[in-house]
Amino acid sequence: QLVLAAVLLVGELPAPTGGAAVPNSTINTICSFDFNCLVLGHKCLASIAPYRYIDAGVKVCRCPAINYAGGDCNTTTCTGGVASPCNHHGECRYSDGSCLCDDGWIGAGCTAQCPSSGGRVCSNFGTCERSGESAICTCQAGRKGSACEIECVGGMANPCSGHGVCQGDGTCVCDSSYRGEDCSMACPGLMGFADRLVC
């Protein structure tokens with residue numbers, strides 16, 4: 001009967017208090033007791049810097065030693081080391097010490113910053129990718145610039161009217177049989193425009 005009462009008591013315990021978890025907190029397990037922690041060596045302890053995605057009042061499963069991670073809690077430090085875990089631009093996963101980078105940062109240790117314009121990574125018109133030790137934007141069609149901040153003449157839907165090549169500054173180099181800023185004017189003999197343009 002005592003065992004049954006203990007089981008019922010544990011089952012009726014309220015959820016952890018101290019504030020709700022904020023974005024990305026699901027990477028690390030929120031807990032109430034040590035037995036909630038399934039990774040070997042982890043204990044249910046207060047959240048600590050640099051794990052800033054979880055409110056300070058909430059307990060999480062982590063290694064007892066600050067800035068250590070992994071199943072042994074002895075040899076695995078957070079990527080970037082004790083002094084600069086995740087380059088201070090990401091969240092260290094308690095389970096293995098790897099990083100979940102902040103928006104605009106990539107790389108195993110969150111060391112490469114993505115180009116941005118107006119506070120938007122790749123202007124929301126591209127994908128940030130690693131290039132050596134740096135980060136670059138691979139832009140969508142009709143966008144140019146290091147942060148994809150330049151729209152090609154003619155617009156994204158029809159850059160250079162489909163008759164030229166958009167340059168890095170957004171201007172067009174037209175095909176040999178087309179002219180105009182947006183390459184929309186055909187030379188004589190094309191598309192019935194023989195009396196409108198002399199190339």
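Modeller: With a relative accessibility of 8%, His-42 counts as buried (buried means under 20% relative accessible area, exposed over 50%, and partly exposed in between, with a 1.4 Å probe and protein chains only). Please keep in mind that this is a predicted model, where local features need pLDDT of at least 70, side-chain atom pairs count only at pLDDT 80 or more, and totals for chains, interfaces and linings use all residues. Residues are numbered from 1 along each chain as its sequence is written, and side-chain values use heavy atoms, with hydrogens and water left out.

Helices (H or I, at least four residues) and strands (E, at least two) are DSSP runs, numbered from the N terminus. The chain has one helix and 18 strands.

Among contacts between residues at least 6 apart in sequence, 29% join residues at least 24 apart.

Let us also visit a pair of rings. The structure holds one aromatic pair, and it is stacked because the rings of Phe-33 and Phe-35 have their centres 5.3 Å apart and their planes at 15°. Rings of Phe, Tyr and Trp (its six-membered ring) pair if their centres lie within 6.5 Å; planes under 30 degrees apart count as stacked, over 60 as edge-to-face and the rest as tilted. Phe-33 counts as partly exposed, at 35% relative accessibility, while Phe-35, at 54%, counts as exposed.

Finally, there is one salt bridge in the structure, a side-chain nitrogen of Lys or Arg within 4 Å of a carboxyl oxygen of Asp or Glu. Glu-133 forms this salt bridge with Arg-130, and their closest N and O atoms are 3.8 Å apart. Glu-133 counts as exposed at 66% relative accessibility, and Arg-130 as partly exposed at 35%.

Methods: Contact means heavy atoms within 4.5 Å.
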